[in-house]
Amino acid sequence: MPGSAALLSVPASGCAEKLRERRSNRGLTEHQRQFPVKKRKQAASRCGGRSVVVVARARCVVGQSARGREGSGTSRTMTHLQAGLSPETLEKARLELNENPDTLHQDIQEVRDMVITRPDIGFLRTDDAFILRFLRARKFHHFEAFRLLAQYFEYRQQNLDMFKSFKATDPGIKQALKDGFPGGLANLDHYGRKILVLFAANWDQSRYTLVDILRAILLSLEAMIEDPELQVNGFVLIIDWSNFTFKQASKLTPSMLRLAIEGLQDSFPARFGGIHFVNQPWYIHALYTVIRPFLKEKTRKRIFLHGNNLNSLHQLIHPEILPSEFGGMLPPYDMGTWARTLLDHEYDDDSEYSVDSYSMPVKEAEKELSPKSMKRSQSVVDPTVLKRMDQNEEENMQPLLSLD
């Protein structure tokens, strides 16, 4: 038979190997086909000669070898991802978040492999360190971590205007940051969590919008979540509603609140251990009653309405690390602390910025109610007692409580 000599000159094992190589390339993407054959063979030897389809998928092999080989290069890489964690936090990640350094690469790859199931979303980042923060936020439940990752990018696609100039020097974000939206205390709480503070009455409606405040908060979280300790330990938020006027509260429309809930609760890889309302007036208490059904059960359990009773706040956050505004032992909080961290030398460079919807002259009576003229002191309204509204107040309340 012509060519039979040439055929016989090739070892049978070589023919079988080439046949297996052709079969292994079937159904693979161009990227997978380019995976070096030599590495496939090496991977196959580590897997005990398992099927070529499995061997062709390097991710499975690497995941298996990471579990089975102590001190391998993969294990060292995964240790590098945990390099920023203290021994105490490493143990916390293991016990509370189910984080296992021996399977870390496989966990990350499991989430990354799901990206192809959502071709409608542009996943701009899928590197190991980025995916890891989503796994930690969802206690290493792969599908839940992927869903959070998808919602993170989907939220940004659906709200493009919010992220067009998503930087600290953006005029609206900058003004919000300088007014303490958000603020961050220097000391962590006894669980290692970062304490964020908001003084709601500081909002100057003539200089920036509620959306600017939300953008400033999201930008700050993006910067803070780079710290792996905070990825594991999480955050605590304290909102002081002292002197937050009814007029300001009327801007908290359902659509605005929904935007904030989606951005913070459903689309960001941060663990919030508690959200504390202090000195809240009756209309904030009423507003919370309206939005409560739209919050996840876990979120509802972590929201505490302290009113004027700061002792209940101190039972959860020690007064030794709180500023005097919250009945703590530290000096009053400097609103510009966190803003100076983000803005650096740009902090003192004030550029003109105005909100179109508030471009009309401000009446003298409204100036007297400006947040700048108010003190961040105890609320004069007992939040446990909802006063009776007259007819005019009921009409003003409609935009606040109505659902759009």
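The structure is a predicted model. The protein chain contains 22 helices and 5 strands, and of its 404 residues 46% count as buried. Among contacts between residues at least 6 apart in sequence, 74% join residues at least 24 apart.

**The sheet**

- The sheet is open and has 5 strands in the order S1-S2-S3-S4-S5, and the pairing within this sheet is mixed.
- Strand S1 (183-184) and strand S5 (303-307) form the edges, and because each has a single partner strand, one side of each is left without a neighbour in the sheet.
- S1 runs antiparallel to strand S2 (residues 194-199), to which it is joined by 2 bridges, and in this pairing glycine 183 has valine 197 of S2 as its bridge partner.
- S2 and S3 are paired in the parallel sense, with 6 bridges between them, and leucine 196 has leucine 237 in S3 as its bridge partner.
- S3 and S4 also run parallel and are joined by 6 bridges, with phenylalanine 235 standing opposite phenylalanine 272 in S4.
- Helix H13 (residues 210-224) lies across S2, strand S3 (235-240) and strand S4 (272-278), and the helix runs at about 165 degrees to S2.

- S3 is mostly covered, since 6 of its 6 residues are buried.
- Both faces of S3 are covered, with Phe235, Leu237 and Ile239 buried on one side and Val236, Ile238 and Asp240 buried on the other.
- In soluble globular proteins, nonpolar side chains tend to be buried together.
- The largest nonpolar core here has 93 residues, of which Phe235 and Ile238 touch the most other members, while H13 gives the most to this core, with 9 residues.
- Setting aside residues up to four places away in sequence, isoleucine 238 touches Ile195, Leu196, Val197 and Leu198, together with His276, Val278, Leu313, Ile317, Leu322 and Phe326.

**The loop after H10 and its contacts**

- Lysine 139 follows H10 and belongs to the loop between H10 and helix H11 (142-158).
- Although lysine 139 is not a glycine, this residue has a positive phi of about 50 degrees, and its relative accessibility of 31% makes it count as partly exposed.
- Phenylalanine 140, placed in the loop between H10 and H11, likewise has a positive phi, near 60 degrees, in a residue other than glycine.
- Phenylalanine 140 is buried, with a relative accessible area of 8%.
- Asparagine 98 lies in the loop between helix H8 (87-97) and H9, and at 46% relative accessibility this asparagine counts as partly exposed.
- Leaving aside neighbours within four places in sequence, asparagine 98 is in contact with Ala93, Lys139 and Phe140.
- The C-alpha atoms of asparagine 98 and arginine 138 are 9.8 Å apart in space, although these residues are 40 residues apart in sequence.

- The peptide bond leading from phenylalanine 181 to proline 182 is cis, and its omega is near 0 degrees.
- Proline 182 is found in the loop between helix H12 (171-178) and S1.

Conventions: Residues numbered from 1 in each chain as written. Predicted model: local features only at pLDDT ≥ 70, side-chain atom pairs only at ≥ 80, totals over all residues. Heavy atoms only, no water. Pairing = 2+ DSSP bridges. Helix = DSSP H or I, 4+ residues; strand = E, 2+ residues; numbered from the N terminus. Contact = heavy atoms within 4.5 Å. Axes fitted to C-alpha atoms, helices over the stretch in contact; angles between N-to-C directions. Core = buried A, V, L, I, M, F, W, Y, C linked by side-chain atoms within 4.5 Å. Buried < 20%, exposed > 50% of the residue type's maximum accessible area, 1.4 Å probe, protein only.
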